[in-house]
Amino acid sequence: MICKCIIMKTNKYVQNKPALSKKESLSCSELIIRYYRRRHLWCSSTSFFFSGFFKQMFQYSEEFRNRSLLKMWVGPVPHLLLYHCDTVEVILSSSKLIDKSFLYTFVHPWLGTGLLTSTGDKWRTRRKMITPTFHFTILTDFLEVINEQANILVEKFKKHVDKEPFDCFLDITLCALDIICETAMGKNIGAQNNKDSEYVRAVYNMTDLIHQRQKTPWFWPDFLYALLQEGKQSDRALKILHSFTDKVIVEKANEMKNHQGSKGDFIDSCKSSESKKRRAFLDMLLNATDEEGNKLSYLDIREEVDTFMFEGHDTTAAGLNWSIYLLASYPEVQKKVHRELDEVFGDSDRPATMEDLKELRYLECVIKETLRLFPSVPFFARTLNQDCSIRGFKIPKGTNAIIFPYALHRDPNVFPDPEEFRPERFFLENSSGRHPYAYVPFSAGPRNCIGQRFALMEEKAVLAILLRHFWLETNQKREELVLAGDLILRPNNGIWIQVKRRRTHMG
Ligand code: HEM
């Protein structure tokens with residue numbers, strides 16, 4: 001076994017010492033399916049690095065739930081494993097300990113050093129510039145896109161009504177991909193219907209290659225990787241990804257210039273009702289300025305658009321899939337969601353508004369509880385850029401720390417019967433007073449997920465449309481899901497559901 005675990009003893013000897021003394025022509029759907037299968041092979045047969053690593057991390061965190069810290073060896077690199085609210089808080093609440101671990105460097109060729117991967121002043125300036133991009137008003141515009149794409153998903157689900165169980169994983173993922181493409185870049189790539197987009201293929205190819213590289217230490221040195229077939233594939237995918245984003249940025253910038261030449265502010269004109277143009281994150285990025293009034297360069301913008309593409313669809317797709325699975329497994333919970341939907345929408349088939357979504361409080365608790373049990377990002381890692389102290393242990397600069405929400409969210413002292421799916425845990429009266437770092441699916445503190453509100457809105461809107469149309473059932477047992485905890489937590493065997501039509505008037 002490559003990963004080894006050492007329990008940090010709380011005796012004086014250990015406390016006074018540094019705690020860690022060392023330092024191609026496939027269609028898109030075929031490609032996506034192959035992508036998931038390959039993961040499955042890795043997970044089930046080789047039990048190597050991250051697949052086995054995730055499983056091992058969880059086993060150790062359960063076995064040593066009452067110990068303060070664990071040290072795990074990931075190949076040649078020691079990692080500190082954190083899964084208690086107070087230990088996680090030390091890292092996440094710090095405005096200094098914001099450097100990502102070396103594993104994120106394999107994402108750099110695609111994302112550069114955008115918001116997810118950058119650090120220091122670059123990250124601080126970017127974060128300030130980009131935060132207004134996720135403003136409520138632009139999210140309201142995005143709801144229209146989400147509703148449209150979710151309706152396409154409904155049409156696909158209708159084909160399965162009263163039929164055999166089917167795996168909905170891919171359908172949901174393509175819907176999330178269409179949503180992020182249109183909201184981030186203003187481009188409708190029609191992935192749900194168009195089975196063969198070169199860009200979509202490149203997204204999946206690249207994501208797959210990044211995962212593989214992270215798992216395989218001999219792929220780590222750049223010079224070696226460049227010589228390998230995988231390195232060459234990665235170069236090809238990068239060219240497609242970057243030239244697509246470059247083209248979209250130039251088109252948008254020209255559009256904006258032409259507009260400014262004729263009608264004044266482009267963003268405002270997008271808002272006006274006579275113009276049917278929709279705003280995208282890209283429009284906001286082209287207009288964003290820092291405190292000195294400097295704009296982002298095209299390259300800076302590409303980093304951020306690519307980051308949204310990478311971070312913004314797999315995560316929400318996983319969250320939606322897990323919610324569907326849990327709702328189908330817990331009919332009592334699903335009935336409550338249906339009741340709430342009926343109260344808000346009655347018999348109408350109108351599209352959901354922001355006000356409607358606000359009313360869907362129980363559905364929100366369902367989404368939160370799903371993200372507790374199945375956090376889309378099951379762990380994430382930092383490299384400490386200065387010494388710190390955790391429960392009396394001195395942790396030296398240079399240590400790699402893994403924050404492990406999957407285990408943190410299963411602390412029975414905070415969430416009794418942790419494996420039970422109980423959305424009521426997130427009712428105000430049940431969650432007030434809970435430790436603020438006990439539940440961190442979107443991370444927490446200064447480096448939390450900037451897309452959190454967008455993600456919750458998307459999940460709520462898509463689930464609301466699906467559940468207004470369908471009753472969901474499943475026979476799949478939890479143990480049949482087979483979890484793959486790489487960068488994103490997924491069911492290796494897909495999500496198998498049966499759908500029944502709920503209402504006749506909704507088509
Ligand atoms: C259910 C959906 C999502 C979950 C669970 C999630 C979770 C997370 C987590 C755990 C982090 C911290 C990662 C780390 O420290 O390495 C993060 C960061 C980030 N997320 Fe999300 N995310 C979701 C959706 C989105 C969406 C929809 C977007 C964009 C449209 C997005 C954009 C980002 C960005 C840019 C960062 C980096 C923020 C920074 O470091 O300042 N995420 N997300």
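Tutor: Start with a term: a nonpolar core is a set of buried Ala, Val, Leu, Ile, Met, Phe, Trp, Tyr and Cys residues joined through C-beta atoms within 7 Å. The model is predicted.

Student: Which residues of the largest nonpolar core touch the most other members?
Tutor: Leu 82, Ala 184, Ile 403 and Phe 404, in a core of 134 residues. Helix 8, residues 169–185, gives the most to this core, with 12 residues.

Student: What is Ile 403 in contact with, leaving aside its neighbours within four places in sequence?
Tutor: Contact asks for C-beta atoms within 7 Å. On that basis Ile 403 is in contact with Leu 82, Val 88, Ile 91, Leu 92, Phe 379 and Phe 380.

Student: Why does Arg 279 count as partly exposed?
Tutor: A residue is buried if 20 or more other C-beta atoms lie within 10 Å of its own, and exposed if 12 or fewer. Arg 279 has 19 C-beta neighbours inside 10 Å, so it counts as partly exposed. Arg 279 lies in the loop between helix 12 (266–271) and helix 13 (281–287). Arg 279 and Ala 184 are 95 residues apart in sequence, with a C-alpha to C-alpha distance of 9.0 Å.

Student: What makes Cys 449 partly exposed?
Tutor: Cys 449 counts as partly exposed because it has 19 C-beta neighbours inside 10 Å. Cys 449 sits in the loop between helix 20 (428–431) and helix 21. Beyond its neighbours within four places in sequence, Cys 449 is in contact with Phe 442 and Ser 443. The unreviewed UniProt entry has a "binding site" annotation that covers Cys 449.

Student: Which residues are closest to the ligand?
Tutor: Gly 312, Thr 315, Cys 449, Gly 451 and Ala 455 are the closest of the 23 residues that surround the ligand. The shell divides into 11 nonpolar, 8 polar and 4 charged residues. Helix 14 (298–311), helix 15 (314–329) and helix 21 (452–469) each supply at least two residues of the shell.

Student: How do you know that the length of helix 18 agrees with its residue count?
Tutor: Helix 18, residues 361–373, has 13 residues and should span 18 Å at 1.5 Å a residue; its end C-alpha atoms are 19 Å apart, so the two agree.

Student: What do the buried residues of helix 18 pack against?
Tutor: Helix 15, helix 16 (331–345) and helix 21. Those buried residues include Leu 363, Glu 369 and Arg 372.

Definitions and conventions. Residues numbered from 1 in each chain as written. Predicted model: local features only at pLDDT ≥ 70, side-chain atom pairs only at ≥ 80, totals over all residues. Near = placed C-beta within 6 Å. Helix = DSSP H or I, 4+ residues; strand = E, 2+ residues; numbered from the N terminus. Nonpolar A, V, L, I, M, F, W, Y, C, P; charged D, E, K, R; others polar. Contact = placed C-beta atoms within 7 Å. Expected span 1.5 Å × (residues − 1). UniProt positions renumbered as here; feature names shortened; annotations may be inferred.
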